[in-house]
Amino acid sequence: MHSYRRSTRPSSFKTYVDIVEFEERPVDVPEEVDNGKVEPNLLPGEIKIAEANNVLKFAPLKTNKTGISGTLFVTNFKVSFVTSLPVDSKEAELHERSLQSHYLGVHDVCLSEVDLVYQISEGSSKKKRLLYNAPLPARVSGLQLVLKNLRVINFSFKFTPAGEDVRIGQALLHHAFPPSIDHLFLSCGHPSPFTGIPEFCLAQDWEKELQRTRCPNWRVSKHNEFFNLCSSLPTVVVVPRDLLDAQLEQAAQHFQGTRPPVWCWGALGGAALVRMAQISPNISDKQQENRMMGLVHRCHPKKLQPTIIDLDQKLPSLKDVQISYIKLRELHTPDDPTQFWEQDRHYFSRWESSRWLSYVSKCLEVAQNAASSIAHHNSSVILQESEGRDMSAVISSLVQLLLDPQVRTLRGFHSLIQKEWVALGHSFCLRLGHTRNQPEEQSPVWLLFLDCVHQLSLQHHAALEFTSEYLLALWHASHCSLHSSFMFNSVNAKYSATAVLQRENPQQPVYLRPVWSWWAEDHDWLGGEQNGSSESVKGRRSAARDLFLNVHYIQNLMESLAVSGALGRLRDPVSSAHHTWHRIQYLLGDSGPLPYDPNAPLGPLHIDASLRVDVALSSLKPWHECFSGWISEPSVTINEIDSLSRQSTTTVQHWEHVRQIYYTIKSHLSETLTNGVAE
C-alpha cells in the first residue's frame, strides 16, 4: 500500500458564481484567499492521481443556478471536490444519512459509485457519453457524473488551466471503470471492529442456524472447503442428512454453476427452505434433479411433498429488471429544469411504464405464497432458478422476513443478508457493475429486494427494527468499495482479490471491512474536519440511531413491559421482561456502540408472528426517498410535501416520548434498587 500522507487544511475561494448551463456570459472568476496548497483528505494507502484548479461544481436543477468553486481531485479511491464554501443543505443532510461518512466528505464521490460520465459543452445542451477507452479532446469544457444512487453532478472547467481538465477526465475514466475488482481501493489498512455478525463461512455458523430453527434431518458439509465443489458457494453448505459428500459432488456437476440444492432456513415442523439451480442445459437426464428433490422430500419428518417454485418462470428476468431500472434512472436524472418539468408532467405514467412496481409486486406475491406453504401447510419449499444466485436470494430473504421475527431485528437482518446474499454468492460485482466487464449482465436485483422490504415496512410500520432510511443507506453503501460486503461475486472471489492485494503489498496486511462494521466504527478516517463538517463519529452514530432505528418497533417493546407485574420481573434473568429491557437498553442506552448485544445468542424461532403483505399494485408506493432523493425539486405534490413534513415532526416527537418512557423506567429501577439496599 502507498504510505499515508496527511493533507493540509483547504484554502478558501471567495465567491459563489452564477451559472446558466455553461452559457457564454460574464462570470466572476473565483479568487483564492491565500497561496496555501489545497489538498484532499486522504485515507491510509490512498494516493492523489490528478487535480484541476478553479473548477466550478453545480447541480443542474438548482433554481438559483448557483455553483461553487474549488479544486477537483481524482485519487485511487474517490473524486474529491475541495472547497471552503458553505455546503448545500440537501447534500449535507443526505451525506449524514449515509454509511460512507467515515470515509468520504460531503463533496466526495467513491469511484465505484460512478455509473456514467458525459462530456458537456459550453453553450450547448448536448452531451457525449465517455467510455473508459474513449479519446478525449484537447480541451474538456465540463464533465457530468451520473452516480448509481441516481445523483447527477456537473463540473465546469471554464476557468481551469489548460491540461488539468484532460488529466482529470483520463484519471476518472481509467480508475472508475477498472478491468477487475482488485483494481479498486478495497482496504484502508486497518482491521474491522468486531460486529458479531456471522459470516456463514464456518461450519459453526450454519450449525447455530440449524439449532436456532430446529429444522431436522439436515447436516453441514465441508466438502467445498477448497471451492472444489462450487466456486460461488461458501466453503461449508447445509445438505440433506442422507446425502454423502461423494454423491453431493457427483450431483453438483448436473446443475448450472455446479450449485446443488442447499438448505438456507427451516422450521420446527420440518419444512425447509431450499435454494437450487436449474439442471445444466446440456444435460438431458434429469435423474440427479429428481434424486435431489427426493432427498428434500425425505428430510421432512412427515415425508410431505415439497413445493417447487420455478422462479425463472414466475419472476422477471435479470434483463427485465435492468431495463426497468434504466427507465427509472432516465426519469430521475434530468439534465436541466426544462427536462425536469417536462418529465414531471408525465411522472407517474412513466414510473408505471417502467414496470418496476409490477416486479416488486410479483416478488412479494411469490414470497408470500412460499411463506404460506411453510407456515400453513408445513411444506418444504424449493426455490429453483438458473444458478440460484439472484431471484432466489430475493425470495428466500423475503420468506424469512415474513415468517421469522428474529430476521426483522437489525442484527437478524444483517445476518440474513450475510447468509443469503454474501455467503451464498450473489454476484454483486457483476450485477452492480463494479468493473467494466460484461455490462450486459448488470441488473440491480439487490435494489429490487430492498424496495420489497421497503414496501413491507410501509404496510407493517412497527414490524421491523430498522427503517426504510437504513435500507436506502445500504443501497448507497453497496457502491462504496470500502464496504466489502457488496463488492464481490462470491466468498471465493473475495479471497482471490485479497490474495492479489496482499501479493502487491506484502509488507502491509490487507483488511476488508464488512458494511456492518459501520455500527462499531470508532475512528474518524477523514482525519478531522472536512468541507465544513465537524460532527464526531459518536455524534453521527447517535443521530443515525433516530434515523435508522424504528421508533414504532421500540415503542412496541416498551408496551410489552406495561403488562401487570412486568416491571417487577425486569431483574429476573430468565424472564421475557428482563430480556426485553436488556434489548431496549442496547437500542436506546449508551452501553455499547452497537444497537444490539453482539454477544447475545439469537433466540429460537417462533413462527406465530408471521406477516402478510398486500401485493396489489394499488397498495404499493414509489420509493421517492430512493429514486428522487437527489432531485432538487422532487416529483411530489404539495399535499405530499406537507404530509412528509408533518411525518418528520411527528417522528421527532415520537422519539422524545419514547425516551421519556425509557428514562422513567430507568429511574423507577434505580429507586427500587436504592430502597432495597436501604431496607
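Three exercises on helices H10, H11 and H12 follow, each with a worked solution.

The model is predicted: local features need pLDDT of at least 70, side-chain atom pairs count only at pLDDT 80 or more, and totals for chains, interfaces and linings use all residues. Residues are numbered from 1 along each chain as its sequence is written, and side-chain values use heavy atoms, leaving out hydrogens and water.

**Exercise 1.** Classify the packing of H10 against H11.

Step 1. Take H10 as residues 356–377 and H11 as residues 391–403. Helices are DSSP runs (H or I, at least four residues), numbered from the N terminus.

Step 2. The angle is about 55°, and the axes lie 8 Å apart. Axes are lines fitted to C-alpha atoms over the stretch in contact, with angles from 0 to 180 degrees between N-to-C directions.

Step 3. H10 is therefore oblique to H11. Oblique is what remains after roughly parallel (under 35 degrees), roughly antiparallel (over 145) and roughly perpendicular (65 to 115).

Step 4. Sort the contact residues: 15 are nonpolar, 1 is polar and none is charged. Nonpolar covers Ala, Val, Leu, Ile, Met, Phe, Trp, Tyr, Cys and Pro; charged covers Asp, Glu, Lys and Arg; the others, Gly among them, are polar.

**Exercise 2.** How many residues of H12 are buried?

Step 1. H12 spans residues 410–423.

Step 2. The count is 14 of 14.

Note on methods. Helix = DSSP H or I, 4+ residues; strand = E, 2+ residues; numbered from the N terminus. Expected span 1.5 Å × (residues − 1). Buried < 20%, exposed > 50% of the residue type's maximum accessible area, 1.4 Å probe, protein only.
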